Amino acid sequence: MSAQLTLALSKGRIFDDTLPLLEAAGIQVLEDPETSRKLILPTSNPLLRVIIVRASDVPTYVQYGAADFGVAGKDVLIEHGGDGLYQPVDLKIAACRMSVAVAQGFDYASAVRQGARLRVATKYVEIARRHFASKGVHVDLIKLYGSMELAPLVGLSDVIVDLVSTGNTLRANHLVEVEQIMDISSRLIVNQAALKLKREFLQPILAAFEAASLNRT
Ligand code: AMP
């Protein structure tokens, strides 16, 4: 039988961390996206295929039903808005934090105290906007698509808002983490119509994902 279910994943951390969850549901992905370059990957379950998309596109594929379910970071979900998505499970994978960082020597506390208008470079404009609004800090948001760490070093911004895991990237670029905004981990997201119409296929996989992620706590 041809695939009935489509799971959207992004390459790298999320794909790698989702493989053990699929295995807990008795499913192996039959090709490696790093070497095969294919965007549609078969699995050992003929009913399930995996599609490989950009991390920030996962919610869009699931929202429109092109994928029945997917795995996306909390950061990506907040930026997307989460319309049409059911978020049943925090998988606790790809864990990191969203933080504010500055160049060494930049006095963040006094800049905030003095009510200076901060220039903030980030890919995560919605999270940054909400964070600084809640602190009552006026900001100019500068949207970037990558290499945020560079921005304070070349005078593009005063601060950055970015994901931090080990802190190695910040240290290598002489940046200092000055504020943690929120913990981030990846969530299972499900198309709301698929949840109703394909329940018999989806439910066992969702249950296995949930059980496997509970074991991670
Ligand atoms: P680290 O050097 O370990 O602190 O990792 C920071 C770099 O990896 C930054 O460029 C982040 O954008 C990226 N990063 C860290 N954790 C994640 C994650 N869970 N998902 C996506 N990107 C991440």
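Glu-31 is partly exposed, at 24% relative accessibility; the class runs between buried, under 20% relative accessible area, and exposed, over 50%, with a 1.4 Å probe and protein chains only. The model is predicted, so local features need pLDDT of at least 70 and side-chain atom pairs count only at pLDDT 80 or more, while totals for chains, interfaces and linings use all residues. Residues are numbered from 1 along each chain as its sequence is written, and side-chain values use heavy atoms, with hydrogens and water left out.

**Overall build**

- The chain has 217 residues, and 44% of them count as buried.
- Its C-alpha atoms fill a box of roughly 65 × 35 × 30 Å along the principal axes.
- The secondary structure comes to 10 helices and 9 strands. These are DSSP runs numbered from the N terminus: helices are H or I with at least four residues, strands are E with at least two.

**Salt bridges**

- The count comes to 8 salt bridges. Each one puts a side-chain nitrogen of Lys or Arg within 4 Å of a carboxyl oxygen of Asp or Glu.
- Glu-31 pairs with Lys-38 at 3.1 Å, N to O. Lys-38 is partly exposed, with a relative accessible area of 41%.
- Arg-130 bridges to Glu-126, with the closest N and O atoms 3.1 Å apart. The two sit 4 residues apart in helix α6, so about one helical turn separates them. Arg-130 is partly exposed, at 45% relative accessible area.
- Glu-179 bridges to Lys-135, with the closest N and O atoms 2.6 Å apart. Glu-179 lies in strand β9 and Lys-135 in helix α6, so the pair ties together parts that are 44 residues apart in sequence.
- Glu-179 is buried, with a relative accessible area of 18%, whereas Lys-135 is partly exposed at 35%.
- Shared partners join the salt bridges of Glu-126, Arg-129 and Arg-130 into one network.

**Helix α1**

- Helix α1 covers residues 13-24, which is 12 residues. From first C-alpha to last it reaches 18 Å, close to the 16 Å expected at 1.5 Å a residue. That expected span is 1.5 Å times one less than the number of residues.
- Its buried residues are Ile-14, Phe-15, Thr-18, Leu-21 and Leu-22. Seen down the axis of α1, they fall within an arc of 115 degrees, so they line one face of the helix. The arc is that of the directions from the helix axis to the C-beta atoms.
- An α-helix has 3.6 residues a turn, so residues three or four places apart point the same way.
- Gly-26 follows α1 and has a positive phi, near 80 degrees.

**Nonpolar core**

- The largest nonpolar core has 29 residues. Such a core is a set of buried Ala, Val, Leu, Ile, Met, Phe, Trp, Tyr and Cys residues joined through side-chain atoms within 4.5 Å.
- Leu-118, Val-120, Phe-132, Val-159, Ile-160 and Val-161 touch the most other members.
- The elements giving two or more residues to this core are β5 (85-103), α5 (108-113), β6 (118-122), α6 (125-135), β8 (159-164) and β9 (175-191).
- β5 gives the most, with 6 residues.

**Surface patch**

- Leu-150, Leu-153, Val-154 and Leu-156 form a nonpolar patch on the surface. Patch residues have over 30% relative accessible area and no salt bridge; like charges are joined within 9 Å, and nonpolar side chains (Val, Leu, Ile, Met, Phe, Trp, Tyr) within 5 Å.
- Together these four have about 350 Å² of accessible area, computed by the Shrake-Rupley method with a 1.4 Å probe, where only the protein chains shown count as cover for residues.
- Leu-150 lies in helix α7 (residues 150-153).
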